[in-house]
Amino acid sequence: MTASTFLYGANVQANGIRQHYLRYGGERHAGRPAIVLIPGITSPAVTWGFVAERFGRQFDTYVLDVRGRGLSESGPHLDYGIDACADDVNAFVAALGLTGCILVGHSMGARFAIRASVRGEGKGLRQLVLIDPPVSGPGRRPYPSGLPWYVDSIRQSLKGMDADAMRAFCPTWTEEQLRLRAEWLHTCYEPAIVQTYEGFHQDDIHADLPKLPVPALLIVAGRGGVILPEDEAEITRLQPAIRIARVANAGHMIPWDDLEGFFAAFGDSLGHPLA
């Protein structure tokens, strides 16, 4: 059995809030870029541990709890809009003294990564990896998943739910994945999730694409319904240098559906092919 690459969880004060993160791999990968992984709308950092374990074999890897999720600061006093969350990412990178790092964002996290790179003018960054980001926005088709899917599951988790109850929301997931989501979903602060979801439809992320200050890889779920061929064409027009990889047999939660296909999509884009 391969030894775990998990090192520890920790907190840092950055952008005026407490940000919690999990670290994998560590300094043994000195000389290689660090990876900062930003999960999606209702995915605390711990739920991406199985992905971070693999990254940690070759990279110093940090998985963030986005504000209002997991063990990071939460509550009604915080702004959960895209700019505040993007600034969290840049402040986190600066607080840990990371230079030339790779932002890997899934879904919501990919939108935050795009905005963070533009607002921070690429400082501290080497590359973006954008995993199936929502392409909804003003005047665009809505995001495929409805808000009640998120809100109903969160409210049920606050009362207590097991893997069987979670299966109604995530029918294709494994027992282990369901148990972990059921355990941690209650840490997702409903107003944060609502504001983020509304932002999917109010924030124009396409306007940022021509301004990307670092190279970007877009990973598209073949069965996700989030990014369609016409969206890929538009993204390429807006940012001709972007590279696109597809995971044909995966839905939006790509590594949950096809872990090997997910890592294969990176190819040699990180400079060190993933083992």
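The following questions and answers go through a predicted model. Residues are numbered from 1 along each chain as its sequence is written, and side-chain values use heavy atoms, with hydrogens and water left out. Local features need pLDDT of at least 70 and side-chain atom pairs count only at pLDDT 80 or more, while totals for chains, interfaces and linings use all residues.

User: How many disulfides does the structure hold?

Analyst: A disulfide is a pair of cysteine sulfur atoms within 2.5 Å. The cysteine sulfur closest to that of C101 belongs to C85 and is 17 Å away, so the two are too far apart for a bond. For C170, the nearest cysteine sulfur is that of C188, at 12 Å, and C170 is in no disulfide. The number of disulfides in the structure is 0.

User: Is C101 buried or exposed?

Analyst: Buried means under 20% relative accessible area, exposed means over 50%, and partly exposed lies in between (1.4 Å probe, protein chains only). The relative accessibility of C101 is 0%, and that of C170 is 5%, so C170 counts as buried. With its value of 0%, C101 is therefore buried.

User: Which residues have the most contacts inside the largest nonpolar core?

Analyst: A nonpolar core is a set of buried Ala, Val, Leu, Ile, Met, Phe, Trp, Tyr and Cys residues joined through side-chain atoms within 4.5 Å. In soluble globular proteins, nonpolar side chains tend to be buried together. The largest core here has 93 residues, and those with the most contacts inside it are F55 and F266.

User: With which residues is F266 in contact, leaving aside its neighbours within four places in sequence?

Analyst: Contact means heavy atoms within 4.5 Å. F266 is among the buried residues of helix α10 (residues 259-266), and helices (H or I, at least four residues) and strands (E, at least two) are DSSP runs, numbered from the N terminus. The cover over the buried residues of α10 includes α1, β5, β6, β7, β8 and α9. Apart from its sequence neighbours within four places, F266 touches F55, V104, V129, L217, I219 and L274.

User: How many residues of α3 are buried?

Analyst: Helix α3 covers residues 108-119, and its first and last C-alpha atoms are 16 Å apart. That is close to the expected 16 Å, where the expected span is 1.5 Å times one less than the number of residues. The buried residues of α3 pack against β3, α2, β5, β6 and α7. Buried residues make up 11 of the 12.

User: Which backbone oxygen does the side chain of S136 reach?

Analyst: S136 sits in the loop between β6 and α4, and it counts as buried because its relative accessibility is 3%. Its contacts beyond four places in sequence include R111, Y143 and H201. At 2.8 Å, the side chain of S136 reaches the backbone oxygen of F200.

User: Is P215 buried or exposed?

Analyst: P215 is in the loop between α7 and β7. Beyond its neighbours within four places in sequence, P215 is in contact with R126, Q127 and L128. Its relative accessible area is 51%, so P215 is exposed.

User: Which domain does UniProt list for residues 35-264?

Analyst: This span is 41% helix and 14% strand, and its end C-alpha atoms lie 17 Å apart. UniProt positions are given in the numbering used here, feature names are shortened, and annotations may be inferred rather than shown by experiment. The unreviewed UniProt entry gives the domain as AB hydrolase-1.

Definitions and conventions:
A polar contact is a pair of N or O atoms within 3.5 Å; within protein, one must be able to donate a hydrogen and the other to accept it, and residues adjacent in sequence count only if both atoms are side-chain atoms.
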